Every structure is written in C-alpha cells, then in structure tokens.
Amino acid sequence: MTALPGFFDIVPYAEQEQWRSAYLWQYVEGIARHVARLYGCEEIRTPLLEREEVFARNVGEGSDIVAKEMYTFIDRGDRRLALRPEGTAAVMRAFIEHHFGQRGSLHKLFYISPMFRYERSQAGRYRQHHQFGVEAIGSPSPLQDAEIIDMLWSFFRLLDLSNLTLHLNCLGGDADRTSYREALVNYLTRYRTDLSADSQRRLDANPLRILDSKEKSDQEILEGAPELGDFLGTAESHHFEEVQTLLRSIGIPYNINQRLVRGLDYYNGTVFEITSSALGSQNSIGGGGRYDGMLKKMGGPDLPAFGFGTGLERVLQVIVAQGVTPPRPPGPLLYLIPLGEEALKRCFAILHSLREKGIPVQMDLGGRKLNKAMQQANSLKAYYTAVIGDDEIARGSVSLKHMSSGSLQQSSFEEIEGILQKAADHTLGVCSHE
Ligand code: HAM
C-alpha cells in the first residue's frame, strides 16, 4: 500500500527526495518559529476540520479552492465539514470565537499547519501541503503591510534562498474593484470566443482571475486590457505608494505586477507573492495581502488585517535545489555495545544515567555480532563507541573509540560523563536557530 496521490510522508531517510527528510523540516520549522519570535507573533493552532461554511463563505464561492478543491464530507452528526484548505478563515473563526478583540486591538498570530486541496497533483503541487502563515490583525497602516512582507522576506533570507522575486499589486477598495471588473468584462467580452475555456467560464464567475491565466491566447488578449492601477482611489494609491517607500527603505526589491490578483476572494488593497526561479511552473513560495473586511463579515469586530502563507514543501525544494541544506544533526555522543548478559544490564543503567544528565546516547539492544553493532554505530554517526564485556566490568573502565579518527581513549565508568560533556561542546551550534 502507498500514500494517496498528492500526499507524502516526511521520513528520517529520504535519499531520493531529500526535501522530505524530517531533519530538514525541523530546521525550516525552527527558523519559522525564530522569525515569528523576532516579529512578535503568537502561535495559534486550529483544528484540521471546520464547518464547510467557514471556508465556503469567506474564501469565496467563486474561488478554485472552494469551487473545485475542498475536501468536504458529511459526518455522522450530519454536519457538512471541510478539511482546512487554507489558514486565514480558520484563524479568523478562532479569533471571533475566543473574543481576542477584547484583549486589545493588535494581534499577530502564526501557524505551521497542514492544508488540504484536491488539486491535480504535480511537482510542487500537493493535496496535503504545509504552510507557515501569519495573520496580523488590527492595523490599517502601510507599515503593517511592509512589516509582514519584510517578515516573509527575512524568513527566506535566513534560509539562504536566492533568486527570489517579490511581486506586488494593489487591488484597491470594493468600489475600485467593482468599476475595474466592469471595464475588464467589457473589454474581454469582445474576445470571449478567443479566450481559453477556463477563462470563458471565469468571465462570468470571477473575471479578475483571468488576469492570472498562464494560457498564451489569454495573455495576448490581456496585453490590451485595462489596468487595475488606473482604477484606484486616492487613499488606496497613497497607501500603496507608502508600502513601496517602506520596502525601499529597508532594501527589499519588488516588481509591480498589475496582473497579480491571488486566488482567494477576501483580499483588498496590497497583495503580494514571492516566486523562486529554482522551481518549475509551481514557483510561488509564498503570498498574501490585506483582507480588511473579513473579520466583520464573519460576525467579528471591524478590524483590518494583513497576512501571508508560505508553502513549506516548495521552500524545502528550493533549499535542496540551491544546495543550501544544513548538515544533519549530530548522532549520539556514545554508542554502547554490550557483550553478554551482565554487560547488557550495566550498559542499560549507564545509558539511563547519562540521559538523565541530558546526554544523547544509544546502545545496541539487539544483541548483534560486534561488527554489525559497529556498522549500526557508524550509520547513526555516533561520536564515540564503547564495547563493554566482562573484562571492562571487572576493571571498571572502558575504551572509548573516537569514530571519526579511530583513536582510543581509556576511561573509568565515572569519567565517561565528563568526556561526553566536552564532546557535546564540539558538536553544538549545528542548529543554532532552534
Ligand atoms: P495561497 O497563495 O493559496 O494563500 O497559499 C500560500 C502558499 O502555499 C503558496 O504560495 C504556496 O507556496 C503554498 N501552496 C498552496 N497550495 C499548494 C499546494 N497544493 N501544494 C504545495 N504548496 C501549496 C493562502 O492560503 C492564504 N491563506 C495566505 C494568506 C494568509 N493570506 C493572508 N493571510
């Protein structure tokens, strides 16, 4: 049996697809938590399952996510449920349910969670993916937009990602978008039959999404289409200018991309996406924007909000493609190989007391032959190994083998701890962000 299409395991050994290595996930998640602390975000964990309406009403009935991609089912209590396809609506539901608004008007929340979308599976597009997401609630200021964009940019910088492009756009307010939509539909209707089948469907349901189309025929038609930027009100234009000034002031380069509309319906004002040239067609490694009306529409306080979500699978694939993977964390400081019953019991007690001191150690529990046990110590990347038999117990001392040099060091049982503590200092600093 295998995992479902579009689903995958994160495993200790993943030579073929290195991005699925558990230690790389821990590394990236460690940096995400570090960045969250730097930018003052509190963690929130919402359930995998929600009422379907949480997403259907708030992500948008016309969005692909809701129209085609949600995993929905009816549970034994006749409730219509959905596996969480994205984090924002779920976090807003929790925000309202727990009256966070009463604790003050500024909140920055982050999550690292799996999301589920029934998409056509292909490289970089999965039916279960994981997002590091942030939702900053309460500030209408362009500073908030710039801070959250800077936060995602810093996350990628700390991971050493290069060749990234930040795409920025402003979707304006409701009125701006309504008049733009009208102008766009008027223009595109003239070319209706030349548009791709998908775009023809979208012309009625969600015309702005046509701007996103990758089809060549659509792109040619879009060359002459009206531009969203020409429909923005003064306040919206000013806000967007401010965001750009702030990004320039901290040295973050960006491209204005008037075609960037994002696939979820809740956005207004600034939207952004970051792409990587190390990936194929699914090259968006993160995106987000402002969604000021959402909380109120869901029955909560009238607070503005800005956030992002970044797909960790794609981030890990970029890390591997660019060769900026960190080393594997160190193995046990000591691997004990007991020979005989008496030694087995003695080793078990030594193991326990070293672990109580916080020292990572292992022993051969399988009663294997010496060379097999040594092979195991090697593959675990043990720092020292020690073979303990009747002689060693009688003498009260062991010979510690330093695995990378092969050198031997005599040590009494009592001295082992001190030697291992010193070795620990050598192997520290590997995962300094954790
Ligand atoms: P999104 O653009 O749908 O936004 O997803 C965010 C990121 O998740 C994408 O940029 C991509 O890296 C990753 N992603 C999405 N779908 C898949 C997939 N099927 N397989 C692999 N990776 C994927 C949101 O979900 C918004 N909730 C972001 C947000 C938060 N906006 C405001 N706050």
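Why does Leu48 count as partly exposed? I started my notebook with that one. Leu48 has 38% relative accessibility, so it counts as partly exposed; the band for that term runs between under 20% for buried and over 50% for exposed. A reminder to myself: this is a predicted model.

**Entry: around Leu48.** I looked up where Leu48 sits, and found it in the loop that links strand S1 (42–43) to strand S2 (49–51).

**Entry: around Asp75.** I then moved to another loop, the one between strand S3 (72–74) and strand S4 (80–83), which holds Asp75. What does the side chain of Asp75 reach at 2.8 Å? I found the backbone nitrogen of Gly77 at that distance. I also noted a polar contact of 2.8 Å between the side chains of Asp75 and Arg79.

**Entry: cavities.** How many cavities of 30 Å³ or more does a search of the whole structure find? My note says one. The volume of the largest cavity comes to about 30 Å³. I wrote down its lining residues, which are Ile44, Arg45, Thr46, Arg84, Gly87, Val91, Tyr111, Ser113 and Met115. Which strand gives the most to that lining? I have strand S5 (residues 107–116) down for it, with three residues.

Technical notes
Residues are numbered from 1 along each chain as its sequence is written. This is a predicted model: local features need pLDDT of at least 70, side-chain atom pairs count only at pLDDT 80 or more; totals for chains, interfaces and linings use all residues. Side-chain values use heavy atoms; hydrogens and water are left out. Helices (H or I, at least four residues) and strands (E, at least two) are DSSP runs, numbered from the N terminus. Buried means under 20% relative accessible area, exposed over 50%, partly exposed in between (1.4 Å probe, protein chains only). A polar contact is a pair of N or O atoms within 3.5 Å; within protein, one must be able to donate a hydrogen and the other to accept it, and residues adjacent in sequence count only if both atoms are side-chain atoms. On a 1 Å grid over the protein atoms alone, a cavity is a set of points where a 1.4 Å probe fits but cannot get out, and a pocket is an open set with protein on both sides within 12 Å along at least five of seven lines; lining residues have an atom within 4 Å of a point. Grid points are joined across faces, edges and corners, and a volume is the space filled by probe spheres set on the points.
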